Number of protein chains: 2
Amino acid sequence: MDQIRNLLKAASQKYNKSLPHQDSCRDLVLACHSKLSSESTFRNFGLFSGRPLVTYNIFQLGTVLSRPIRPDIYIADYQTFINMYDAFEESLGNKPLLWQDENITRANSIVYTSVMSVACCYDLWQRGSRKTPGTFFEILMAGLLQKMLPRAQFSKHIPLASLLNDNETLEGVETVKNVDQDNEEGASVSTDLVIRMPSRPGGIVIPLKITTRERIVQPFAHQRILDSAFGQGQYQSLLVCISETQLDDKTQSVKQVCVPGTVKLFQKYLAPLQGLYYCDLPQRYAAADMQKILPVRLVGHLFKDVYDLLQAPTANDS
Amino acid sequence: MDQIRNLLKAASQKYNKSLPHQDSCRDLVLACHSKLSSESTFRNFGLFSGRPLVTYNIFQLGTVLSRPIRPDIYIADYQTFINMYDAFEESLGNKPLLWQDENITRANSIVYTSVMSVACCYDLWQRGSRKTPGTFFEILMAGLLQKMLPRAQFSKHIPLASLLNDNETLEGVETVKNVDQDNEEGASVSTDLVIRMPSRPGGIVIPLKITTRERIVQPFAHQRILDSAFGQGQYQSLLVCISETQLDDKTQSVKQVCVPGTVKLFQKYLAPLQGLYYCDLPQRYAAADMQKILPVRLVGHLFKDVYDLLQAPTANDS
């Protein structure tokens, strides 16, 4: 794990300094993928009993189990994964406007395999680092989106200091994960990723969460604040997740933990998100009653959707 | 711990059946208080380096440490605690309108000592049960407030089914802690405690959290939904917490983890809470810039404030 920790540290440091970090991400992902396939067992775990049934695997090391993995999305063969990863990354340079279904499926599998490789390594070999996979998810997605949008400005927060009118140097919405007792007022940012185009007001906010759980409310609340502060339509939020799964050891099955009623309430009474994206899309969220209220799609669609949103004419253009 | 688990189960079952459960709470609290003082060491841990400095203790069992405890709020002497507990409970029957400072301090210490006794027992002897102390906090406060308001109606959720207009049997805002795969749409309630008076519309919502962390946004978001759905002023939220402390093992000190900028943003741009209450009030939240935006007070004040709010004339009375 020393090598993996160092690779993650390198990727993270470059990302925090706004330096190119895609190569570091690729190195890390390949190291994790390779360690998993050579040092652990990838085996069938059980079913999610939806319609249709969904098969989940796990990585196992002795008695330690990783989180559940969709074997139909995870690219287990190392060489196939490298080839697809490189082809995907290259395709981002050519704009995703003409992406077909196969490009979308590939993008979805690459993001899933990359994030889950890292997450499962930490599940098996360094279980205490609960937040590491989420941090890597953010770093990876920033790198991929930067590759697709070389002219865009990326940041991790939206300055909100002026909103408070009390001379605080607040830079964004503080998150507890970042809060430091000595620097509490300046601590920032739970918006994860903000993408702006030069010469356009507003931008796209991309909260990234491996899984939402009780944090599902955050992106809706932040969208509401942005609507109140900057006017509706200036910022659009796309919530991007990996899955909502939970192992059930007793029954050797997998649950997809969903809160559709809550999501609908938030969408209707807090502030509407532009879209909700999953690599492993929970069946409950794919249902028609949800889609009617909030578009829910594969992460594979995200790239084109972000590209389209940033190219679309704004109200100011007319 | 078997006895303590059984006492908690008894209190919880009565509470869920809306039966009187104060005696069960008292039995549980006294069992925990007594176990802690006879089987663990209550010793000084370190300081929170605020102005003024604040001393924190911990309960210790071998190498296992409890959460930090304010020795000036926690009533460590068993007989003193019983006497004060009983006097406090009796005083709730006489309405808190004429409460003096000493009554407020006593109420604050009783709630703190009760909840922390149970929490520290679970810290030392059953560390896996992360959510148990929070559940007990809810059960205890419901019992105490019921004693004070015998005519009020208590519930755990606000029906919101009609808001969604899609024939779901949703009963409230689902919380992940309660979500059950087999019953997802009917799962309910993160509003914790709702108090209504007969013949009055709306009511008081009391979210109860031992500590807020990244869940601080929830009560503001729920207040926003209630404002949107029922009109502003129908429901008022009072967020009630124990503390915001975190042990720092390395420096043998205690942090008070605060996010004042976030709280101000939420209060201004999501929806305003009526008040924020703590047993161990973090210094940062007591500062003038916070008080200007959102009243922050001791839990000892809560009882009178709830009483006053429910007696106040409504717009409909005029």
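Entry 1. I looked up the handedness of the crossing between H5(B) and H11(B) in this predicted model, and I found that the crossing is right-handed. H5(B) covers residues 132–148 and H11(B) covers residues 299–311, and I noted that they pack at an angle of about 45° with their axes 11 Å apart. Because angles of 65 to 115 degrees count as roughly perpendicular and those under 35 as roughly parallel, the two helices are oblique to each other.

Entry 2. Which residues make the contact between H5(B) and H11(B)? On the side of H5(B) I listed B:Met141, B:Leu144, B:Leu145 and B:Met148, while H11(B) brings B:Val299, B:Leu302, B:Phe303, B:Val306 and B:Tyr307. Sorted by class, this contact has nine nonpolar residues, with no polar and no charged ones.

Entry 3. I then turned to the largest nonpolar core, which has 68 residues, and noted that A:Val111, A:Phe303 and A:Val306 touch the most other members. Among the elements of chain A that give two or more residues to this core are helices H1, H4, H5 and H11 and strand S8. H4(A) gives the most, with 13 residues.

Entry 4. I followed A:Phe303 to its contacts and, leaving aside residues up to four places away in sequence, found A:Phe88, A:Trp99, A:Val111, A:Met141 and A:Met148 among them.

Terms used. Residues numbered from 1 in each chain as written. Chains lettered and ligands numbered in written order. Predicted model: local features only at pLDDT ≥ 70, side-chain atom pairs only at ≥ 80, totals over all residues. Heavy atoms only, no water. Axes fitted to C-alpha atoms, helices over the stretch in contact; angles between N-to-C directions. Helix = DSSP H or I, 4+ residues; strand = E, 2+ residues; numbered from the N terminus. Parallel < 35°, antiparallel > 145°, perpendicular 65-115°, else oblique. Left-handed = near helix turned anticlockwise from the far one by under 90°. Contact = heavy atoms within 4.5 Å. Nonpolar A, V, L, I, M, F, W, Y, C, P; charged D, E, K, R; others polar. Core = buried A, V, L, I, M, F, W, Y, C linked by side-chain atoms within 4.5 Å. Buried < 20%, exposed > 50% of the residue type's maximum accessible area, 1.4 Å probe, protein only.
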